[in-house]
Amino acid sequence: MNDDTQNTAPGEAYPLLSRIKGAAELREFTPAQLEELAQEIRDRLIRVTSTNGGHLGPNLGVVELSIALHLVFDTPQDQFVFDTSHQGYVHKLLTGRNGPEFEGIRSSAGLSGFLSRDESEHDAFGAGHAGTALSAALGMAAARDALESKDHVVAVCGDAAFTCGITMEALNNVAESTKRLVIVLNDNEWSIAKNVGAISKYLNELITNPIYNRLHHDFGSFLKNVPGGDQLLKIGKTAEKGWKSMMVPSSLFEKYGVRYLGPIDGHDLPQVTRYLEFARDSDEPVIVHVVTKKGKGYKPAIDFPERFHGTSPFAIASGKSNGSSKPTPPNYQDVFGKAIVKFAKADKKVVGITGAMPSGTGLIHLSNEVPDQFYDVGIAEEHAVLFAAGMATRGLRPVCGIYSTFLQRAFDQIIHDVCLQKLPVVFCMDRAGLSPNDGATHHGLFDIAYLRMVPNLVAMQPRDEDELVDMMHTAFSQDLPAFIRYPRGGGEGVKMKEKPTALPIGKAEVLADGSDVTIWALGPMIKDAFVLKEKIEAEDGLGVAVVNARFIKPLDSELLLSHAKQTKLLVTMEDGVKSGGFGSLVAETLADEGIATPLARIAWPDEFVGHGDSVADLRARHGLSPEQMLADVRAKLKTVSA
């Protein structure tokens with residue numbers, strides 16, 4: 001890529017791409033121009049993500065595939081469902097979104113980094129979590145059939161999606177639900193980390209089987225070159241099934257009643273187009289297995305696929321991050337990851353479990369240093385939790401490192417398999433709070449509300465990285481399921497103790513005294529609590545107490561009720577939704593005791609929070625800036641003194 005394009009208008013730097021408003025313009029291009037277009041798209045992706053960050057590797061890998069899809073099908077009449085949809089940037093560029101809004105992708109003024117029905121009619125189904133595409137697409141296809149429509153539905157699934165139970169459930173129902181569905185299996189051997197499990201091995205065997213590939217190539221070449229090949233395709237597919245079943249193991253997918261084609265080179269645009277045309281015209285469900293290279297066209301993304309799966313801003317020439325050179329506190333994920341290594345080395349019963357997120361959760365440290373006590377189960381959170389429950393019955397101390405938003409997928413396992421049986425599984429829930437650039441699908445705002453209703457568990461939130469390790473130690477010291485939530489990004493930079501301390505279960509910590517206003521805060525909101533304290537004491541002349549609540553469940557009701565009887569106003573602050581959250585718990589506790597102390601609840605409103613530039617930006621947009629929180633507390637104080 002020429003770095004000079006960073007100072008050039010999009011239309012000048014990308015002459016072919018700038019002409020595209022939809023599929024009509026795309027089809028005017030010659031084969032040579034389509035190849036040039038693919039390079040322009042890669043250059044555009046690299047330049048924009050170097051500024052904004054984003055999912056670069058996955059999008060570089062699907063450039064030709066996305067072009068072929070738009071050559072063969074017509075959106076929005078035909079509908080594409082992208083699994084996870086983080087690889088939808090190319091689709092956005094090909095559907096009229098190559099303008100200032102793409103320049104600002106994942107920022108407050110730009111496009112979402114995922115597909116969104118609110119953003120474009122070409123985005124048939126929104127997503128952000130893996131494994132949803134096939135079920136959704138099958139539902140669309142069944143609805144189309146019921147309505148007697150003629151459009152096409154295409155599910156674009158990564159190979160890692162087939163480690164999701166929901167995808168396999170959908171695959172089991174395809175043949176019974178529709179006669180027309182195109183499934184594209186985009187196989188790059190990666191989700192975020194290297195794919196694991198039997199499905200990954202099976203696909204690899206298909207790709208590398210020399211007999212199959214030689215015969216398949218000869219078969220495709222034969223049909224391509226013989227006059228009347230379109231008709232022969234319809235006849236020849238039966239013959240191909242026959243020789244394939246003789247020469248190689250029967251396709252897993254055909255056992256489910258889905259016609260299998262592939263594997264094919266996902267970067268050979270004419271070949272991909274030809275196979276998609278065949279699949280489009282078939283009268284049975286078809287899966288087209290394309291093999292792509294994650295990060296194709298940009299060497300740093302190929303060399304470091306995990307880092308460039310979802311990258312921060314970087315220098316194009318080197319691929320190195322543009323992060324600050326100033327020392328910064330360690331990220332919570334790394335504090336957790338290094339701590340679990342110490343716990344695991346001290347106790348062989350401690351094991352770590354992740355769902356395809358070893359780096360994102362910090363469990364990569366355990367994988368590297370104590371691999372025998374580490375398990376990556378793929379994108380399968382339900383299985384991860386149930387797997388951990390099984391381990392716990394045999395005396396192990398499993399730790400599930402799972403993002404808050406992804407743990408939502410295992411809610412039944414939390415209730416039915418872990419908490420009901422009081423199994424001592426530890427859940428370390430990263431990204432509790434906001435993931436600003438990613439948006440609604442990745443904000444961990446609901447876990448307080450969905451956990452506090454479940455019996456037999458301990459739920460905690462640390463105020464800093466040192467307390468996080470204390471809470472891990474506390475979790476291992478008791479025999480109930482334990483949940484520890486903590487935010488994305490860096491800690492507070494506090495000095496870490498040599499040895500962690502077990503915290504008394506259900507006991508809060510008073511950080512500052514004051515008799516007029518008492519603030520009970522969780523995690524990162526404690527800093528905001530001290531900002532409120534300073535303002536109110538300096539400008540309103542009132543004394544403000546600050547409490548590190550620590551425990552969501554069990555709540556320190558003894559201390560809370562004591563404060564409620566002595567203070568003029570109670571304030572709760574949490575990085576979660578207001579509906580059913582920590583503030584609701586405090587309100588219920590007061591109501592049960594017949595205490596009418598005024599209460600101000602500071603939390604996220606009852607709406608889905610979109611993507612934005614930063615936590616501060618999103619807080620300001622949703623009434624949670626320091627000034628807005630201060631105004632809310634003062635408004636409540638006025639009602640108290642009135």
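**Reading a predicted model**

Modeller: Thr-75 counts as buried because its relative accessibility is 12%; buried means under 20% relative accessible area, exposed over 50%, and partly exposed in between, with a 1.4 Å probe and protein chains only. This is a predicted model, in which local features need pLDDT of at least 70 and side-chain atom pairs count only at pLDDT 80 or more, while totals for chains, interfaces and linings use all residues. Residues are numbered from 1 along each chain as its sequence is written, and side-chain values use heavy atoms, with hydrogens and water left out.

Colleague: Where is Thr-75 found, and with which side chain does Thr-75 make a polar contact?

Modeller: A polar contact is a pair of N or O atoms within 3.5 Å; within protein, one must be able to donate a hydrogen and the other to accept it, and residues adjacent in sequence count only if both atoms are side-chain atoms. Helices (H or I, at least four residues) and strands (E, at least two) are DSSP runs, numbered from the N terminus. Thr-75 is in the loop between α5 (63-72) and β1 (79-82), and its side chain makes a polar contact of 2.8 Å with the side chain of His-122. Setting aside neighbours within four places in sequence, Thr-75 is in contact (heavy atoms within 4.5 Å) with His-70, Phe-80, Thr-95 and His-122.

Colleague: How is strand pairing read, for instance for β17?

Modeller: Two strands pair if DSSP finds at least two bridges between them. Here 5 bridges join β16 (residues 569-577) to β17, and the strands run parallel. Val-577 has Trp-604 in β17 as its bridge partner. Of the 6 residues of β17 (599-604), 5 are buried.

Colleague: How is empty space found?

Modeller: Rolling a probe the size of a water molecule over the atoms shows where empty space is left. On a 1 Å grid over the protein atoms alone, a cavity is a set of points where a 1.4 Å probe fits but cannot get out, and a pocket is an open set with protein on both sides within 12 Å along at least five of seven lines; lining residues have an atom within 4 Å of a point. Grid points are joined across faces, edges and corners, and a volume is the space filled by probe spheres set on the points. There are 4 cavities of 30 Å³ or more, and the largest cavity holds about 50 Å³. Its lining includes Arg-144, His-152 and Glu-284.
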